[in-house]
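Subject: Structure handover

Dear colleague,

Please find the structure below, followed by a short account of what was found in it.

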Amino acid sequence: MDFRFTEEEEKFREEVRSFLKEQFTARAERDGGMAFYMSFNRKLVEKGWTAVHWPKEYGGQGWPIMRQVIFNEEMAYHRAPRTDFMGMNIAGPAIIAYGTPEQKEFHLPPIVRQETFWCQGFTEPGAGSDLASLQTRAAEDGDDFIINGQKTYTTMAHFAQWCILLARTDPHATKHRGISCFLVDMKTPGITVRPLIDMVGMHTLNEVFLDDVKVPKTALLGDKNMAWYQAAGRSLESERSAIGNSASERRLVEDLVHYIKDVKGSDGLSANHMLRQRMAEMAIEIEIGRMLSYRVAWLQSKGLPLDYMPSMVKLYHSELSQRLVNAGIQVLGLYGPLERGSKWVQLRGRLARNYLVTVANTFGGGTSEIQRLIVATKGLGLPREPALDPLITLGWEDNLSLAKRGTLPHLVLRPYIKGHDMVSVFDALFRHLSLAPGGIP
Ligand SMILES: Cc1cc2nc3c(=O)[nH]c(=O)nc-3n(C[C@H](O)[C@H](O)[C@H](O)COP(=O)(O)OP(=O)(O)OC[C@H]3O[C@@H](n4cnc5c(N)ncnc54)[C@H](O)[C@@H]3O)c2cc1C
């Protein structure tokens, strides 16, 4: 096994590194903000370093996988803001794979030039992990589709011009079959975007309401009713194969080690046995994460199936990111929770912020439980679990008929998990008991 990069690859890494060092001066980092993000993006566009993973014919660089790995690692290590993630990694690849020539010509060049930004309208209040239960409806009307429904957790919908959206086009088909994918202009009348402020106090997430939104039939991406097997599957795969996390994790450990070495005198940290153990443990975990990521890259470079590997990598890095900030907060002690702006803040308040931000890592893009299910079935060959929750997959009426027959598995736990309030949990339990043979005991 030889994990070294070739001479040419190392030269390329040096080129990327020196470009990023020039951009990320202390001052640029300090001033930060949207203006810096936009100007940095423009420089990436000028260099042709945006859609580096796309084929050349669509304005990408067509770089081999290892070059992309190096590029992503350096970007992550230097904490470079990610360019339009949804356009580059979700909408773009789906359009390349399933778009008509007109859709490709219209949508792809502006994504490469970073002139349009995208959001992903998949999740709904009742359809997250079980995405195929989505209820947003697109009904044919002459040359158009009329879309009605609601999306949630739609990242950057308030900023995006376009949305790659899933809607049900055949309500009578089995749930995975009747779904289609649409490329929707966010300015279309009938779309309302409402902010969801997260616990960091940031506005990146939104609810999107669709009331009689008329989109032309040319907005359909791929075959009608087949989105589950085409665009949706493709975008979720891209979303879960992110590489480069280990580079940003490594950078954080380096920062913490510098901090530990810097604190001298009676508070000296470098002799603290517990912190040394914790840092060593983190360094080992990061190295394991790096190897897992390289394995995905290697499989991709050989054109081999990725199977459960993206799930394993997503799961590992998202959980590691939480362990890592936890360790970081321990290193900083009472300084840990201080935010940027405080006189005593350390490491620019990064730990306090990431402590909150990383919470979402284990459910955004698919929860840890779902990744474990994928590893268990695809990786270990365990049989699929029986349908988990009739209350969710069948709907209330069907559940009542199940209750009459006395079978309602997971009745109490699952609605609670799905975010129903306790009143509806007890209501469900009450109905179950009163309808079950024998009635309320
Ligand atoms: C920061 C962030 C950004 C996001 N951005 C977008 C976006 O831009 N566009 C978009 O469409 N979506 C987005 N999402 C939504 C994301 O994909 C969903 O949150 C995710 O799929 C989980 O769905 P849910 O929140 O409905 O949870 P649920 O599916 O309701 O799950 C609730 C709990 O039940 C568990 N669970 C569910 N099913 C099973 C099962 N079969 N076995 C065991 N446990 C189970 C889950 O693991 C979880 O713990 C984003 C989410 C976050 C947090």
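Helix 8 and helix 10 are roughly parallel to each other, a term that applies to angles under 35 degrees. Helices are DSSP runs of H or I with at least four residues, strands are runs of E with at least two, and both are numbered from the N terminus. The axes of helix 8 (residues 245-262) and helix 10 (residues 309-332) cross at roughly 10° and come within 11 Å. Axes are lines fitted to C-alpha atoms over the stretch in contact, with angles from 0 to 180 degrees between N-to-C directions. Helix 8 contributes Asn 245, Glu 249, Leu 252, Leu 256, Tyr 259 and Ile 260 to the contact (C-beta atoms, placed from the backbone, within 7 Å).

This is a predicted model: local features need pLDDT of at least 70, side-chain atom pairs count only at pLDDT 80 or more, and totals for chains, interfaces and linings use all residues. Residues are numbered from 1 along each chain as its sequence is written. The mean pLDDT (the predictor's confidence in each residue, from 0 to 100) is 85 for the chain, and 83% of its residues reach 70 or more. Over residues 402-426 the pLDDT is below 50.

The ligand lies between domain 2 (118-231) and domain 3 (241-379), because both give residues to the shell around it; the domain bounds come from an automatic or database assignment. Of the 23 residues around the ligand, Phe 122, Gly 128, Ser 129, Gly 364 and Thr 367 come nearest (C-beta atom, placed from the backbone, within 6 Å).

Kind regards

Terms used. Contact = placed C-beta atoms within 7 Å. Parallel < 35°, antiparallel > 145°, perpendicular 65-115°, else oblique.
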